[in-house]
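Please consult the sequence and model below alongside the text.

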Amino acid sequence: MADVVSPIDGRVLTHIAPASPAEVDAAVREARAAQPAWARRTGSDRSRILHAVADLIEARIDELAETETRNTGKILSDTRREAIRAANSFRYYAGWAEQVRGETIPVGPEYHTYTVPEPHGVVAGVIPWNVPFFFAVKKIAPALAFGNACVLKPAEETPLTALRLAGLLAEAGVPDGLVRVLPGGRETGVALVSHPDVDLIVFTGHHDTGKAIARSAAANLTPVALELGGKSPQVLFPDADLDQAVDAVVLGVFASCGQMCIAGSRLVLHESIYDDVLDRVAERVRALRVGDPFDAETDLGPQITAVQRDKTAAFIAESSGAGRLVAQATLPDTERLRNGFYVAPTVFDRLDDNARLLREEVFGPVLAVSSFRDDADALRLANDTEFGLAAGIWTADIARAHRFAGQVRAGTVWINTYRVMSDLVPFGGVGLSGYGRENGTEAARLYLRSKSVWTSLTGGTPQGYGMGGAGAAG
Ligand code: NAD
């Protein structure tokens with residue numbers, strides 16, 4: 001049995017038995033058995049059921065948000081927003097279920113040729129602990145919309161809302177066995193992603209885990225999409241609206257206690273505004289209220305695990321020797337929160353280019369600040385990372401903004417905004433941030449594969465692989 005702990009006060013909420021490899025095997029087999037009938041249903045039938053799931057989520061936003069806050073320590077307004085977004089995602093993919101189509105390809109008068117988009121079969125979803133309910137939905141909703149089954153493994157620290165989702169799916173009429181949520185840690189995850197009967201792996205998590213999963217998937221040639229971490233820059237030019245930019249910088253790295261893959265954890269300031277912006281950020285950071293995430297006055301709750309808190313604390317201790325500590329918020333000192341996993345939001349500058357804080361993902365509320373002289377210097381600093389998940393640029397010069405967007409190495413670029421996301425807009429990374437794209441039309445590409453069908457209209461087969469007239473050779 002694994003303890004499920006509340007990071008708010010360290011209290012054990014419940015114990016959950018991790019799924020064994022035998023249980024993983026049984027779940028994959030059940031999913032495999034249930035999937036063909038699901039894929040044969042009409043798109044409108046699948047759509048109706050996905051809308052029913054959205055209805056059930058919408059009727060339980062408060063309950064889901066409260067459970068999520070208790071298990072993750074994230075502030076209640078954030079977990080409410082995530083639950084609402086989760087319901088919206090089910091509606092978005094409910095729409096997609098009725099929009100799947102292939103194409104006819106007029107290769108010539110002798111053939112009728114068309115493509116059929118087909119589901120992969122069994123999708124294995126593996127998710128981290130930072131956004132448990134919404135990420136569970138982000139894997140399950142598109143899998144179902146496009147006719148797949150799904151076996152999902154939430155993080156062992158935060159399984160509660162994903163398990164609740166499994167109940168809601170059943171209530172909405174998702175057939176038995178089609179979706180299974182299997183709690184557990186690494187061993188459960190390894191059993192799932194190395195299962196030979198899994199047809200697609202969609203993973204969100206750390207890049208080292210992503211590499212391990214890609215290696216094990218290679219043994220079965222299972223396709224994989226990897227949504228991994230980041231070390232994303234926010235670049236501020238002097239002509240930007242600095243009030244808006246400072247807001248976005250503070251929220252961009254300190255929201256969710258810094259536990260966001262898209263955290264704008266590097267602030268890159270033009271030298272002419274360096275002191276001014278740093279002062280403003282520092283003032284905002286000192287005023288951040290760290291504490292009980294159920295309290296409406298709280299800006300940041302605790303980190304989700306003690307391990308994560310200790311990792312962040314180690315980054316802060318090390319960076320205090322390597323650079324200048326610019327500002328730090330204060331920690332709660334109430335007896336009730338004494339055993340919670342709180343860390344103080346902290347800002348550093350004057351770090352060497354090779355400092356670990358500028359290179360590695362903290363996944364905690366720590367910001368590293370550096371300065372640049374001109375556009376080329378800004379781009380060099382923005383791209384000086386092995387990650388490539390996101391980047392923000394703040395400037396009134398639209399040509400400069402688009403030049404930067406074209407040249408920065410990142411899956412998402414935000415111009416004069418940050419952290420805005422939508423089911424409609426593709427999302428994913430490059431480099432250590434992974435490969436594959438979720439959302440929007442990219443979700444259809446990920447969760448479906450294309451079959452090509454040739455029909456002879458004249459009878460007979462041409463010599464070799466070439467097709468008369470089109471000149472293509474296979
Ligand atoms: P993690 O990689 O340690 O764990 C993620 C999941 O993988 C968990 O469910 C875990 O049990 C499972 N797992 C661990 N080892 C496994 C293995 N060998 N095979 C199969 N499954 C295995 O990540 P974490 O620490 O829980 O989450 C934080 C990381 O996730 C950060 O790096 C963060 O940037 C990243 N993340 C990325 C995105 C994105 O969309 N790009 C979003 C959120 C978080």
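## Secondary structure and dimensions

How many helices and strands are there in the protein chain? In this predicted model, the protein chain contains 15 helices and 17 strands. The radius of gyration is 24 Å, whereas the globule rule gives 23 Å for 474 residues; the two values are close, so the protein chain is as compact as a globular protein of that length.

The C-alpha trace spans about 75 × 55 × 40 Å along its principal axes.

## Burial and contacts

Of the 474 residues in the protein chain, 54% count as buried. When contacts between residues at least 6 apart in sequence are considered, 73% of them join residues at least 24 apart.

## Surface and charge

The protein chain has an accessible surface of about 19800 Å², and carbon and sulfur atoms account for 52% of that area.

Its charged side chains comprise 47 positive and 58 negative ones. The centres of these two sets lie 3 Å apart.

## The setting of Gln-308

Gln-308 is located in helix H11, which covers residues 306–322. Is Gln-308 buried or exposed? Its relative accessibility is 7%, and buried means under 20%, so Gln-308 counts as buried.

Which residues does Gln-308 touch, not counting those up to four places away in sequence? On that basis, Gln-308 touches Trp-129, Gln-259, Gln-303, Val-362 and Phe-363.

Note on methods. Residues numbered from 1 in each chain as written. Predicted model: local features only at pLDDT ≥ 70, side-chain atom pairs only at ≥ 80, totals over all residues. Heavy atoms only, no water. Helix = DSSP H or I, 4+ residues; strand = E, 2+ residues; numbered from the N terminus. Rg over C-alpha atoms; globule rule 2.2 N^0.38 Å. Buried < 20%, exposed > 50% of the residue type's maximum accessible area, 1.4 Å probe, protein only. Contact = heavy atoms within 4.5 Å. Areas by Shrake-Rupley, 256 points an atom, 1.4 Å probe, with all protein chains shown as cover. Lys, Arg positive; Asp, Glu negative; His and termini not counted. Charge placed at Lys NZ, Arg CZ, Asp CG, Glu CD.
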